[in-house]
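Please read them alongside the coordinates.

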Amino acid sequence: MNQNTGQVSISEGPITKFKYTNMERHPVEEIQKNRLAEEEEMRLAMYAATYGVYMPIRMMRERNFLARPTRLPGLGLPSSTLGLDIAMNRLNKIEFEDYLGRDTVKMPKIDFMI
């Protein structure tokens, strides 16, 4: 951004990035972002009441162990989270990310050689 004129140059990126930074989020978006954490908190409280205080601690320890990356960095391959999905009982649920992908978009490489 030019300090004298207050204008953003083309090389600094789109202006829309700055346009929506101070806007308040929609309540439905907040609910969707916090849904998984609130469900897990309620489930752990239920397990604590049913099986004792140690059960949620054990479950969280197992999940932390399974969430660690298993591949070396720099290879470009994502780590598998199959064990974590099984521990959190998410294996049989089809969620948003399963059919629309993650936030990162990777374009396929097209070979134009004929």
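Which residue forms a salt bridge with Arg-35?

1. Basis. This is a predicted model, in which local features need pLDDT of at least 70, side-chain atom pairs count only at pLDDT 80 or more, and totals for chains, interfaces and linings use all residues. Residues are numbered from 1 along each chain as its sequence is written, and side-chain values use heavy atoms, with hydrogens and water left out.

2. Arg-35 and Glu-39. The partner of Arg-35 is Glu-39, with 3.6 Å between the closest N and O atoms; a salt bridge here is a side-chain nitrogen of Lys or Arg within 4 Å of a carboxyl oxygen of Asp or Glu. The two residues are four apart in helix α2 (residues 27-51), about one helical turn; helices are DSSP runs (H or I, at least four residues), numbered from the N terminus. Arg-35 is partly exposed at 40% relative accessible area, as is Glu-39 at 32%. Partly exposed lies between buried (under 20%) and exposed (over 50%), using a 1.4 Å probe and protein chains only.

3. Glu-40 and Arg-43. These side chains form a salt bridge at 2.6 Å, N to O. Both residues lie in helix α2, three apart, again about one turn. Glu-40 is buried, with a relative accessible area of 10%, whereas Arg-43 is partly exposed at 25%.

4. Network. Shared partners link Arg-25, Glu-29 and Glu-30 into one salt-bridge network. Within it, Arg-25 meets Glu-30 at 3.8 Å, N to O. Arg-25 is partly exposed at 47%, and Glu-30 is partly exposed at 32%.

5. Total. The salt-bridge rule gives a count of seven.
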